[in-house]
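Please look through the sequence and the coordinates below before reading on. The paragraphs after them are meant to be read with the structure open beside the text.

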Amino acid sequence: MRSSSVRLGYGRGVSRAAKVLAIVRTDRTFERRDVRGEPCWVGRCIHCSSAIVVDAHGETAGTIEHIEPSTHGGTDEVSNLSLACARCNQRKGASLDRR
């Protein structure tokens, strides 16, 4: 489980990279590693467990996933955000996560 008092809202001047790094810091699947000699975080997609790599600047091919979608009352707080691969995030869309 994640817990964080960090509040990040879209449209409030918080960059995507800052949001990604806040998620990585609270997601236990992410570990600090060197990939090709560069420091980064390596973790897992919340849905399919495929690898997601986040560089030290917060850049990633992963997508920010609302665990409870905003269309269903979910917030932009870190405790409601995770990283997912683009395929899984697109497939989930605005539906509720059944877990």
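What follows goes from the overall fold to the sheets, then to the nonpolar core, and finally to the charged pair and the cysteines.

The coordinates come from a predicted model, and they should be read with that in mind. Of its 99 residues, 39% count as buried. Among the contacts in the chain with a separation of 6 or more, 50% are accounted for by residues 24 or more positions apart.

The strands may be taken next. Strands of a sheet pair through backbone hydrogen bonds, and the pairing may be parallel or antiparallel. Here three strands form an open sheet in the order β1-β2-β3, with antiparallel pairing. Its edge strands are β1, residues 31-35, and β3, each of which pairs on one side only, and from one strand to the next the twist averages 40°. The antiparallel pairing of β1 with β2, the strand of residues 38-44, extends over five bridges, and within it Arg32 has Trp41 of β2 as its bridge partner.

A further pairing joins β4 and β5, which run in the antiparallel sense over four bridges, with Glu65 standing opposite Ser82 in β5. In a regular strand the side chains alternate between the two faces of the sheet. Although Ile64 and Cys85 are 21 residues apart in sequence, their C-alpha atoms are 8.7 Å apart in space.

Which residues of the largest nonpolar core touch the most other members? Of the 15 residues in this core, they are Val54 and Leu83. The elements that give two or more residues to the core are α1 (16-26), β3 (51-55) and β5 (81-84), and α1 gives the most, with four residues. The surroundings of Leu83 can be followed in detail: leaving aside neighbours within four places in sequence, Leu83 is in contact with residues including Val20, Ile23 and Val24, as well as Phe30, Ile52, Val54 and Ile64. Arg44, Cys45 and Thr63 are also among the residues that Leu83 contacts.

The charged pair comes next. Side chains of opposite charge can pair when their charged atoms come close. A search of the whole structure finds one salt bridge, formed by Glu31 with Arg33, whose closest N and O atoms are 3.1 Å apart. Both partners are partly exposed, with relative accessible areas of 42% for Glu31 and 43% for Arg33.

The cysteines remain. How many disulfides does the model contain? The count comes to zero. In the case of Cys48, the closest cysteine sulfur is that of Cys88, and the two sulfur atoms are 3.7 Å apart, which is too far for a bond because a disulfide requires them to be within 2.5 Å. Cys48 is partly exposed, at 37% relative accessibility, whereas Cys40 is buried, with a relative accessible area of 3%.

Terms used
Residues are numbered from 1 along each chain as its sequence is written. This is a predicted model: local features need pLDDT of at least 70, side-chain atom pairs count only at pLDDT 80 or more; totals for chains, interfaces and linings use all residues. Side-chain values use heavy atoms; hydrogens and water are left out. A salt bridge is a side-chain nitrogen of Lys or Arg within 4 Å of a carboxyl oxygen of Asp or Glu. Buried means under 20% relative accessible area, exposed over 50%, partly exposed in between (1.4 Å probe, protein chains only). A nonpolar core is a set of buried Ala, Val, Leu, Ile, Met, Phe, Trp, Tyr and Cys residues joined through side-chain atoms within 4.5 Å. Contact means heavy atoms within 4.5 Å. Two strands pair if DSSP finds at least two bridges between them. Axes are lines fitted to C-alpha atoms, for helices over the stretch in contact, and angles run from 0 to 180 degrees between N-to-C directions.
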